[in-house]
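Subject: Structure handover

Hello,

My notes on it follow directly after.

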2 protein chains.
Amino acid sequence: KPSRRSHHTDASPTAAGVFAPLDTFARRHLGSQPAEIQAMLKQVGVNTVEELVAKTIPSAIRSPKPLALKEGFSERELLHRLQAIASKNKVYRSYLGMGYTDTVVPNVILRNVLENPAWYTQYTPYQPEISQGRLESLLNFQTMVCDLTGMSIANASLLDEGTAAAEAMLMCFSAAKRDRSTFIVDVSCHPQTIACVQCRAEGFNINVVVGDVRSFDFEAHRKDLCGILIQYPGTDGAVVDYKALTSKIHGYGGQVVVATDLLALTMLKPPGEFGADIALGNSQRFGVPLGYGGPHAAFFAVKDEHKRRMPGRLVGVSKDAAGKTAFRLSLQTREQHIRREKATSNICTAQALLANVAAMYGVYHGPEGVRAIAQRVHNLTAILAAGIRQLGHTIKNDHFFDTLSVNVSGGSSRDVLDKALNLGINLRPIDASTVGVTLDETVTKEDLKDLLKVFATGGAQPADLDALAASLKGSPAFPSSLARTSEYMTHEVFNSHHSETKILRYIHHLQSKDLSLVHSMIPLGSCTMKLNATTEMIPITWPEFANLHPFAPIDQAEGYTIMLNELESDIAEITGFDDVSLQPNSGAQGEYAGLRVIRSYHESRGNGHRNVCLIPISAHGTNPASAAMAGMEVVIVKCDAQGNLDMADLKNKAQKHADKLAAIMITYPSTFGVFESGVAEACEVVHQHGGQVYMDGANLNAQIGLTKPAEIGADVCHLNLHKTFCIPHGGGGPGMGPIAVKSHLGHFLPGHPVIKTGGDQAIHPISAAPWGSAAILPISWAYIKMMGGRGLQEATEQALLNANYMASRLASHYKILYTNDNGMCAHEFIVDVRPFGATAGIEAIDIAKRLQDYGFHSPTMSWPVANTLMIEPTESESKAELDRFCDAMIAIRQEIFEVQEGKVPKGNNVLTNAPHPLSQLMSDEWNRPYPREKAAYPVDYLKEKKFWPSVGRVDDAFGDRHLICTCPSPEEYIQ
Amino acid sequence: KPSRRSHHTDASPTAAGVFAPLDTFARRHLGSQPAEIQAMLKQVGVNTVEELVAKTIPSAIRSPKPLALKEGFSERELLHRLQAIASKNKVYRSYLGMGYTDTVVPNVILRNVLENPAWYTQYTPYQPEISQGRLESLLNFQTMVCDLTGMSIANASLLDEGTAAAEAMLMCFSAAKRDRSTFIVDVSCHPQTIACVQCRAEGFNINVVVGDVRSFDFEAHRKDLCGILIQYPGTDGAVVDYKALTSKIHGYGGQVVVATDLLALTMLKPPGEFGADIALGNSQRFGVPLGYGGPHAAFFAVKDEHKRRMPGRLVGVSKDAAGKTAFRLSLQTREQHIRREKATSNICTAQALLANVAAMYGVYHGPEGVRAIAQRVHNLTAILAAGIRQLGHTIKNDHFFDTLSVNVSGGSSRDVLDKALNLGINLRPIDASTVGVTLDETVTKEDLKDLLKVFATGGAQPADLDALAASLKGSPAFPSSLARTSEYMTHEVFNSHHSETKILRYIHHLQSKDLSLVHSMIPLGSCTMKLNATTEMIPITWPEFANLHPFAPIDQAEGYTIMLNELESDIAEITGFDDVSLQPNSGAQGEYAGLRVIRSYHESRGNGHRNVCLIPISAHGTNPASAAMAGMEVVIVKCDAQGNLDMADLKNKAQKHADKLAAIMITYPSTFGVFESGVAEACEVVHQHGGQVYMDGANLNAQIGLTKPAEIGADVCHLNLHKTFCIPHGGGGPGMGPIAVKSHLGHFLPGHPVIKTGGDQAIHPISAAPWGSAAILPISWAYIKMMGGRGLQEATEQALLNANYMASRLASHYKILYTNDNGMCAHEFIVDVRPFGATAGIEAIDIAKRLQDYGFHSPTMSWPVANTLMIEPTESESKAELDRFCDAMIAIRQEIFEVQEGKVPKGNNVLTNAPHPLSQLMSDEWNRPYPREKAAYPVDYLKEKKFWPSVGRVDDAFGDRHLICTCPSPEEYIQ
Ligand SMILES: Cc1ncc(COP(=O)(O)O)c(C=O)c1O
Ligand SMILES: Cc1ncc(COP(=O)(O)O)c(C=O)c1O
Ligand SMILES: O=C([O-])O
C-alpha cells in the first residue's frame with residue numbers, strides 16, 4: 001500500500017485508495033518533495049534512504065519490525081475524532097480552588113498570543129537581538145510579580161507551584177548551614193504542593209515536617225530549621241497575618257517561603273511587606289486556561305540578597321553595542337550547563353508562553369483592572385459567605401479572600417457535594433463535614449444562586465442575593481492590618497494598553513521583533529525545532545480541553561482519559577517500553593522522575609545504598625543536576641576523541657563503583673550528534689554491575705521507527721514532547737517530559753495526592769498536576785495519530801537525511817566535529833569554529849550574530865562543545881531552506897577568509913560588529929571598513945525577505961554587573 | 001446606573017453592580033480613557049461631550065430619546081449567548097450543490113489568514129507600497145483563475161456568482177449595438193444566478209430569455225442577441241461540449257458567458273479553449289467555508305480584448321521609482337468615482353479576503369494537488385452513479401463531473417429527500433421525481449455508504465463500494481473531447497509552498513509587507529476603519545455558522561434565523577426604520593437594492609415613469625453608478641461653497657423634474673464630513689415632489705444614538721456593516737450593505753428563488769444568497785449586543801470628538817475645508833493641500849506617500865475633493881494615536897515649508913521621493929539633498945516602532961500602459 005504522501009498519482013476510480021482522504025498530514029509535515037530528496041541523497045553519496053539509515057545507525061540496534069501504529073489520520077479525520085473524544089469531558093463549574101481557578105481569558109490575547117504561531121513557535125530568547133519582544137513581555141511578567149508580591153526580583157517563570165515550592169525549599173536548604181535540614185510546611189498549603197516538596201526533599205535528605213504553623217513548636221527546631229513554607233491565603237481560604245511568625249523564623253535563622261496568589265495580593269499586604277524571603281505561586285488565573293492542570297506559569301520572587309541563587313531564567317536590562325537599552329537573559333552562569341551537578345536546580349524549559357499570557361493580562365487590565373477583578377471576586381465571596389451562614393452552616397475561616405471552608409451543619413459533606421454534582425458544580429471535598437468553595441472572576445449572579453441552592457439543605461431557603469449584598473459592610477473580610485496600601489503595576493506599560501486596539505498593537509509590535517518559525521528555520525541542535533502544525537494546535541484551546549480543573553472528579557474527564565491512555569500506549573510502542581508516566585512537565589523533570597523511580601526500585605530490593613550515577617562528560621547539564629537532585633553521586637565518564645563514550649573508562653568506573661552503582665545516564669544519539677556503536681555494550685556493562693540505564697530522550701527524533709530505547713538496552717527514558725512531538729517551544733516553554741519505563745520500574749511511576757495516578761508503589765509527585773501540562777498533550781497525540789507509524793519513520797529518515805545533507809554541503813568549508821565510522825552524523829552535527837579565534841579573532845558568537853544579519857537564528861552555540869555550533873535541521877525544513885542556511889554559512893566562511901587574509905581588520909568587521917540593526921545601518925554617519933549593503937544584504941534574497949534584529953549586539957557582562965530585572969522607566973528606555 | 005465603562009470605581013460589596021461582569025466591551029472598543037477625553041474636549045473648546053454634540057448636529061434632527069437597546073453583554077456573556085444560538089443550527093451533510101460545496105479548509109490558512117487580524121483588518125490596497133503582500137496574493141488569485149479558465153485576464157474578485165453573471169450580461173450589453181438587448185440564459189444555470197441576472201436586466205431593459213440552449217431557436221434572435229449565459233458543468237450536473245454553440249453565438253454577433261467551477265476545470269477543457277468571452281463563478285470550494293451563503297469570492301475572467309471594460313478591481317504588475325517590480329491596482333480610471341453614472345458597474349467593496357484564502361489554497365495544493373482533489377471527487381461521483389444505477393434509478397446526466405440528477409425509479413423524490421433528512425443529509429429537490437447530488441472533497445467512504453442507503457428504495461440492496469469502484473473503467477465520465485489537456489498553475493508560486501512550514505512562512509512573509517490595523521490607525525475618510533474586535537470575529541469560524549449550506553432547509557438554520565432577526569430589529573431601532581433586508585453584500589449593492597425597491601414602489605402605484613434620481617455633486621461614485629444600474633436618470637444637484645447642498649438648485653431641479661422624480665440620494669453627514677442643517681428640508685422638498693429619499697449610510701458612524709435616518713426624513717438607507725458595524729475590511733472585502741426601509745417600501749425588499757425571504761411583493765434578488773454574506777453577520781450582531789444602546793451612542797460621540805480634536809489640532813497648520821456654522825466637522829474632515837502645488841510642487845499624493853515614511857496609512861486621497869486628504873479617526877483610536885498622527889502631519893507641514901522656502905529643491909525632497917523603502921535607504925550611494933535619517937526617521941519614535949514600505953513609489957502610468965495581471969516570472973521579479 002503506497003504511503004499517503006504520494007497520493008497525487010492515484011488518478012483512476014479503480015485505483016487502490018480511491019476513498020482515502022487527500023488532506024494527509026505527513027507530506028505537509030515533511031519539508032521536501034521527492035525530487036529534492038533524491039538530490040539530497042546524491043549530495044550525501046548514497047542511493048537510497050535505506051542506505052543512508054544503514055550507514056548511520058548501528059545494525060545491531062535497528063528495530064526488527066516497523067512501528068505497530070496505524071496509518072495516519074487525515075487532518076480532518078483527526079479533528080473529528082478528537083472532537084468526539086473531547087466531547088466526553090464534562091466541563092462543570094469549578095469551585096475546587098487549590099491553586100487553580102477559572103479565568104476570563106481576554107480573547108484578544110487568546111487569539112494573538114496563545115493561538116499565534118509567531119508567538120508559540122519562538123525559541124528561548126538566548127539570542128536577545130532577535131528576541132526583544134518576548135524579553136520585554138517576560139520583563140513585564142517579572143515586574144508584575146515583583147510589584148504584586150512586594151519582592152525585589154522575580155524570574156521569568158517556573159514549571160508549576162508545586163515545583164516552585166520545592167525549588168524554594170532547596171534555596172533555603174542550600175543557603176543554610178549544613179546541619180540545618182528541617183523544612184517546615186504548614187498544613188494549610190495545597191496538598192499537591194506539600195507532596196512535591198516531600199518528593200524533592202528526599203534526594204537531599206531534607207526533613208520535611210508538615211504541621212500547623214499557628215501552633216507549631218518551632219523551638220524544637222531552632223538548631224536544624226532551614227525554612228518554612230506557608231500558603232497565603234491558605235488552601236482552606238484563611239487569611240492570616242504572618243508578620244510575627246516571619247520574625248520568629250528569621251530569629252531562628254530560617255527563611256520564610258510564601259506560596260501565594262497574585263490576584264489576592266492586589267488587596268492583601270504582600271509577602272515582601274511582612275518579611276518573606278521567597279514568594280511563589282501559580283499565575284494561571286491571570287488569563288491562562290485551567291487546561292486540566294497546565295501549562296501555567298509559576299512565579300517565583302525573592303529578596304534582593306537571594307537573587308544570584310534563584311532558579312530559572314531571569315530577564316534583565318542591559319544595553320547593546322551602541323548603548324541602546326536592550327533586554328537579555330541574565331546571570332546565565334547559574335544554569336546547569338555551567339554548574340552541572342552543583343546546580344541547585346535542573347530547571348531548563350519553563351513556561352514562557354504562559355508567562356507572556358499572564359503578563360499581557362496584566363498589561364491589558366492594568367492595576368485598576370486587576371484590583372477591580374479581585375474586589376469583585378472578594379465581594380461575591382463575602383455575599384456567598386453571608387448566604388451560606390444564613391442557611392445555617394459555619395464558615396470555618398472568618399478571614400478570607402475568595403475561598404471558604406464550610407462546615408456543613410447537620411449533614412455530611414457528601415450530601416452537599418452530590419447535590420452540587422447534580423447541578424454540574426464541583427465543590428472541594430475537605431473532610432466528612434467540610435467542603436471548600438473558591439470563587440473566581442467568571443462567577444455570575446446565577447452561579448451564586450446555584451451555589452446557595454446547593455447549600456440550602458434540610459428545607460432551608462436561600463436569601464435573596466441583592467438583600468445579602470445590601471446587608472454587608474463595605475469593608476473586606478480580612479484584618480485591616482492585612483489590607484494592601486502600597487501601589488503596584490505603576491509602570492507605564494501597565495497603564496497604557498487598555499483598549500483592544502492598543503493591546504493588539506502592543507502584542508504585534510513585540511511580535512515584530514522576534515524571530516520564530518514563521519520566518520525561517522531555527523537550526524538549534526538538541527532542540528528539534530520542527531513544524532508545530534495548526535491542526536495539532538487547534539484543539540488545545542477547545543473549551544472541553546481548556547476549561548477542566550485538574551482535580552475534577554475523574555469521571556468528568558473521560559475524554560482526557562481516553563486521549564492520555566492512547567498517548568501512553570503510543571509512547572510505549574515508540575520507545576519499546578511497558579509503562580508511561582505523563583506527569584513530568586519538562587525534560588529535566590523527566591530526568592528527575594526517572595532517576596527517582598530508579599532509586600525507589602533499588603530501595604524496593606534493599607539496595608537503597610546504590611546511589612552512583614555515571615554520566616558521560618558530554619551530557620546535557622540537566623543530567624548531572626537532576627542526578628544530584630535525586631540524591632545521587634555523579635561520576636563522570638570520559639569520551640574519546642571521536643566523541644564516543646570511552647568504553648574503557650566506563651567499564652573501569654562501573655566496576656569501581658559496582659557496589660553503589662545506581663544508574664548510567666546516556667543520551668542517544670549522543671549529544672555530539674552520533675549514533676555510537678558501543679551503546680548496547682555500555683548498557684550491558686551497567687546492567688552487569690547492577691545499575692539501571694537512563695536514556696535522555698532529547699534526541700529521540702533520530703530514533704523513531706528505526707530503533708527504540710528499550711531495544712537498545714535502556715530501562716527508562718524521558719521524551720521531550722516539545723522537541724520530537726511537536727509541542728511548540730513557546731519562547732521557553734511549555735514543554736512536557738513524560739517518562740517511559742520497563743515493567744519492573746512501572747510500579748514506581750509518580751503518584752499524586754489528589755487524583756490517583758502512577759504505579760502501585762508510586763513515588764511522590766514530580767509535578768503539581770497529575771498529568772503535568774495535560775492541555776498540550778493533544779498536540780503530541782495528534783502528531784502521532786496523523787503521522788502514523790510509517791509517517792513517523794519517514795520523519796526520522798528525513799531528519800537524518802537533512803542533517804547529513806547539510807553536513808556534507810558544509811564539510812568543504814568547515815570542520816564537522818564528529819561523525820560515525822561511515823562519516824555519518826545523526827540528526828544533528830557540530831561545526832567546529834575554534835580555529836578562527838587565532839587566525840581571525842572570530843568566535844562562535846560572532847558567527848551566531850552574523851547569521852542574524854542573514855535572517856537566521858543561530859544554531860546551538862558552544863554546547864556541547866565550547867566555541868562550536870551545533871546544527872539540527874529537523875525533517876520539516878525543505879531542501880530550499882537548508883540550502884539557504886548552508887549558503888549563509890558558506891558566505892560567512894568567505895567573510896572569515898577576508899579577515900584571515902587581512903582584507904578587513906580583526907575586531908572591526910561584519911562578523912564582530914554583527915548583528916547590524918536598522919538603527920545603525922540608517923545612521924547618517926558610516927565609518928565602518930565595509931559598506932552598508934554588505935552589512936545589511938550580504939546575499940541577494942535578503943532584499944526581498946529579511947528578518948531584522950531590533951538591537952545591536954547585547955552586552956552580557958554589563959547586564960550581569962548592573963542587574964535590573966524589572967521594566968526600566970521610559971526615560972531610561974528611549975535612546 | 002453608571003456606564004460599565006467606569007466600573008473600576010465600584011469597590012464595595014454593597015455597591016450597585018456588584019454582580020455585573022467586568023469583561024465589559026465598550027471600554028475596550030473605545031480608544032481613550034476619561035482623562036484623555038477631557039483633554040480633547042478642552043482642545044476643541046467645549047466643556048462636555050453634550051456641548052460638542054449640540055454644536056455639531058442640528059438640533060432639529062436630534063433623536064428625542066436614547067436607543068431602545070439593552071445594556072451591552074460582556075464579552076464572555078456574548079459568546080455564551082451566541083454559542084447557544086449557534087447550536088440551534090443543524091449542520092447536515094450537504095449534497096445540495098448549486099455553486100456551494102463543502103471544502104477542506106487547510107487549517108494553516110484558516111488560522112493564519114482568515115483568523116488573523118494582520119490579514120483581516122487590512123484596507124483595499126490603494127496604497128501599493130504598503131500593500132505588496134495582499135497584492136501579490138490577489139495576483140496569485142488572478143493567475144490561478146486565468147490558468148484554470150483558460151482566459152487572458154481575471155479580476156481580483158466580485159461579490160458572488162449571481163452578481164458576476166449580471167455584470168457579465170452588462171458587459172455583453174454595453175459592448176453590443178444599442179438594439180441588441182436580448183440576453184439568453186440557459187435553463188441549466190443555477191436558479192439564483194438566473195434570478196440575479198433578471199434583476200439586473202430590469203434597469204437596462206435587457207430582454208432576458210431563459211431557455212434550453214441545446215434546443216433554443218437562436219435564429220429568432222440573430223438581430224437582437226447580445227450574449228448568452230451557460231453553466232459548465234450545468235446546475236443539473238451535465239457536462240456539455242459548448243464549442244459549436246460558442247461559434248454559433250459568435251456568428252450571430254453575441255458573446256458567450258460561461259459560469260463555471262474552478263475545481264471541475266482542472267479536468268475539463270476550460271472555457272477559454274472553446275471560445276468563451278467571459279468566464280465566472282464562485283471560488284468558494286477552494287478552501288472557503290460555506291458560511292450559509294458567504295462571504296466567498298466570485299471570480300471573473302475575460303478575453304484580452306475585453307479587459308478595459310471588466311468590472312471590479314484588477315491587480316497589475318508595475319515598477320517602483322527605482323525600477324523594482326511592484327504590484328498595484330490597475331486601470332482605476334474605470335471605477336465609479338471617475339466614471340460615475342457612466343460606469344457599467346457599481347462594484348466597490350468586493351471579496352478580497354476570501355480571494356486570498358482561495359489563492360492560498362491554490363498555492364498550498366498546487367496544480368497536482370487541486371487536480372488530485374478534483375479526480376477524487378470525480379471518482380467518488382462515478383462510484384456513486386454506478387451504485388445509484390445499480391439500485392434501479394436513472395442518472396439523467398450521462399456526463400458529469402461531481403453532480404448527478406437522479407430520476408428516482410418507482411417513487412417520489414420526496415421519499416428520498418425525507419429518508420436523507422433522517423440520516424442528516426440534504427439532497428437537492430429538483431422535481432417530483434428528480435433529486436440532485438453534488439459531491440465535494442470532504443466526502444468519505446462512509447458518506448457514500450449513507451448515500452446509497454438513501455437511494456436503496458423498495459427493498460433494494462446497495463452494492464459494496466469497493467466492488468463498485470473495481471467495476472469502473474478508468475476513464476472519466478465526460479466526453480474525451482472535453483478532457484483537459486493544457487497545463488495550469490505552472491508558475492513557481494503554485495509549485496513551492498506545499499509543506500505547512502513553507503506556506504506558513506509564505507503567508508507571514510506577505511503579511512509582513514502589509515500595513516493593517518495591527519500596526520497603526522488607518523484614518524481613511526468615509527471608511528470607518530475601527531476596531532474589529534476578536535470576540536466579534538471568533539464566532540464566524542464556528543462550524544455551526546461556517547458549515548451551513550445557504551439552501552439548507554430553513555428549519556436547520558434556526559440559529560441563523562434568530563441571529564438575523566435580532567440583527568434586523570436592532571438595525572431597525574438604530575435607523576428608525578420598519579423593515580430590513582440583510583441581502584445586499586456591499587454598500588453599493590445596498591444602494592442598488594434600495595433604488596430598485598423605490599422603483600418598484602413607484603410602479604406599484606402606477607408611477608413606473610418616475611425615474612429621475614437627484615444626486616448631489618459631492619456623492620460617492622457608487623451613487624450615480626447604482627442609480628444608472630437601477631434604470632434611473634441621474635440629475636446632479638450642486639453644492640455651495642461650504643460644501644452643503646445648494647438648496648435653491650435642489651428645489652429648482654425637484655420642481656423641474658417633479659413629474660418624473662423618483663428619488664434623491666443623500667449621504668449624511670455629507671461626504672464632505674458635515675452635518676448639513678438643510679437636510680430635513682431637502683427631504684421635504686423631494687417628498688413634496690413625489691420622490692423618495694435614499695440615504696447612503698456610509699457615514700452612519702456619525703449618527704448612531706444621536707439621530708436616525710428615518711427621523712431625518714429618509715425612506716430607505718443602506719448600512720455598510722464593514723464600516724460602522726465592525727466587519728473588518730479584509731483588504732477590500734468582505735462587506736455587507738443591508739438596507740432598512742419605511743414600511744411602505746417593506747413590501748418590495750428583495751426575495752430569493754430558492755429560500756423565501758423579502759417582502760410580499762419582493763423584487764428579484766440582489767445577491768446570490770438569501771442573506772448575502774450571512775457568515776459575517778455575527779460580527780455586527782456581536783458589536784451591537786456588546787455595546788448596547790449606551791455604548792453605541794458613546795462610540796458616536798467619541799468618533800465626533802476624535803475628528804474635531806484632530807481638526808482642531810491641524811487647523812493651525814492646514815486649511816480644514818468644510819465645517820458647520822459652529823466650526824464643527826462631523827466624524828471626518830477634509831484637509832486642503834491644493835495650495836502646495838503651486839508653492840512647493842507638492843500634491844496630496846506626496847503627503848500620502850510621505851505619511852508612509854512616518855508609519856501611517858494615508859487618509860482618503862483626492863476624494864470627495866481632488867487633491868485633498870479626508871481624515872476619519874473613528875472612536876477606537878486613542879488620543880495618543882491621534883496625536884501621533886497629528887504630529888506626523890505637522891512635521892510634514894514643516895517639510896513642505898522647507899521646500900516653499902527653497903531650502904530643499906522642488907521635485908527632489910523627502911515628500912516627492914517618498915516613500916523610502918529600506919532597499920533605497922540601505923544603498924551604499926546616497927546623493928539625495930537630505931540625510932538618510934531624515935528620510936527614515938523623521939520623528940524619534942520611529943526608531944522604536946516603524947512599519948516599512950516594501951517598495952518605493954509605484955509607477956501607476958507605467959502599469960496601466962503595460963498591463964500585466966498575472967504573476968511575473970521569477971526573472972522579472974527579483975531586481
Ligand atoms: C540532551 C538534553 N537533555 C535534557 C534537556 C532538558 O530538557 P527540558 O528543557 O525540557 O527540561 C535538553 C534540553 O535542551 C537536552 O537537549
Ligand atoms: C459614501 C459611500 N457610499 C458608498 C460606498 C460604497 O460601499 P461599498 O464599498 O461597500 O460598496 C462607500 C464606500 O467607500 C462610501 O464611502
Ligand atoms: O503576525 C505577524 O507576523 O505580524
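The buried residues of α5(B) are B:Asn107, B:Val108, B:Ile109, B:Leu110, B:Arg111, B:Asn112, B:Val113 and B:Leu114. Buried here means under 20% relative accessible area, exposed means over 50%, and partly exposed lies in between, with a 1.4 Å probe and protein chains only. Helix α5 of chain B spans residues 107–114, and eight of its eight residues are buried. Helices (H or I, at least four residues) and strands (E, at least two) are DSSP runs, numbered from the N terminus. The cover over the buried residues of α5(B) comes from both chains: it includes α4 (75–86), α6 (117–120) and α17 (534–537) of chain A, and α6 (117–120), α12 (352–390) and α16 (500–511) of chain B. Contact means heavy atoms within 4.5 Å.

Some ground rules before the rest. This is a predicted model, in which local features need pLDDT of at least 70 and side-chain atom pairs count only at pLDDT 80 or more, while totals for chains, interfaces and linings use all residues. Residues are numbered from 1 along each chain as its sequence is written, chains are lettered from A and ligands numbered from 1 in the order in which they are written, and side-chain values use heavy atoms, with hydrogens and water left out.

The interface

In the contact between the two chains, 98 residues of chain B meet 98 residues of chain A. Together the chains bury about 8,100 Å², of which 55% is on carbon and sulfur atoms. Buried area is the accessible area (1.4 Å probe) that two parts lose on being put together, summed over both. B:Phe19, B:Arg111 and B:Arg505 supply 12% of the area that chain B buries against chain A, more than any other three residues. B:Arg111 is also one of the buried residues of α5(B).

Seven salt bridges are counted between chain B and chain A. The criterion is a side-chain nitrogen of Lys or Arg within 4 Å of a carboxyl oxygen of Asp or Glu. B:Arg505 forms a salt bridge with A:Glu877, with 2.8 Å between the closest N and O atoms.

Two sheets in chain A

One open sheet of chain A has four strands in the order β11-β12-β15-β14, paired antiparallel. Two strands pair if DSSP finds at least two bridges between them. The edge strands are β11 (394–395) and β14 (428–431) of chain A, each pairing on one side only. Strands β12 (residues 403–407) and β15 (residues 434–438) of chain A are joined by five bridges in the antiparallel sense; A:Asn407 has A:Thr434 in β15(A) as its bridge partner. Helix α12 (residues 352–390) of chain A lies across β11, β12 and β15 of chain A and runs at about 5 degrees to β12(A). Axes are lines fitted to C-alpha atoms, for helices over the stretch in contact, and angles run from 0 to 180 degrees between N-to-C directions.

Another open sheet of four strands in chain A has the order β23-β24-β26-β25, again with antiparallel pairing. Its edge strands are β23 (815–816) and β25 (860–861) of chain A, each of which pairs on one side only. Two bridges join β23(A) to β24 (residues 829–832) of chain A, and A:Lys815 stands opposite A:Asp832 in β24(A). Helix α26 (residues 777–810) of chain A packs on this sheet, touching β23, β24 and β26 (868–871) of chain A, and its direction makes about 15 degrees with that of β24(A).

Cysteines

There are zero disulfides over all chains. A disulfide is taken as a pair of cysteine sulfur atoms within 2.5 Å. For A:Cys189, the nearest cysteine sulfur is that of A:Cys196, 12 Å away; A:Cys189 is buried at a relative accessible area of 1%. For B:Cys527, the nearest is that of B:Cys348, 8.1 Å away, and B:Cys527 is buried at 8%.

Backbone points

A cis peptide bond joins A:Tyr232 and A:Pro233, with omega about -10 degrees; A:Pro233 is in the loop between β5 (225–232) and α10 (243–251) of chain A. Another joins B:Gly733 and B:Pro734, with omega about 20 degrees.

A:Ser157, which is not a glycine, has a positive phi near 120 degrees and counts as buried at 2% relative accessibility.

Regards
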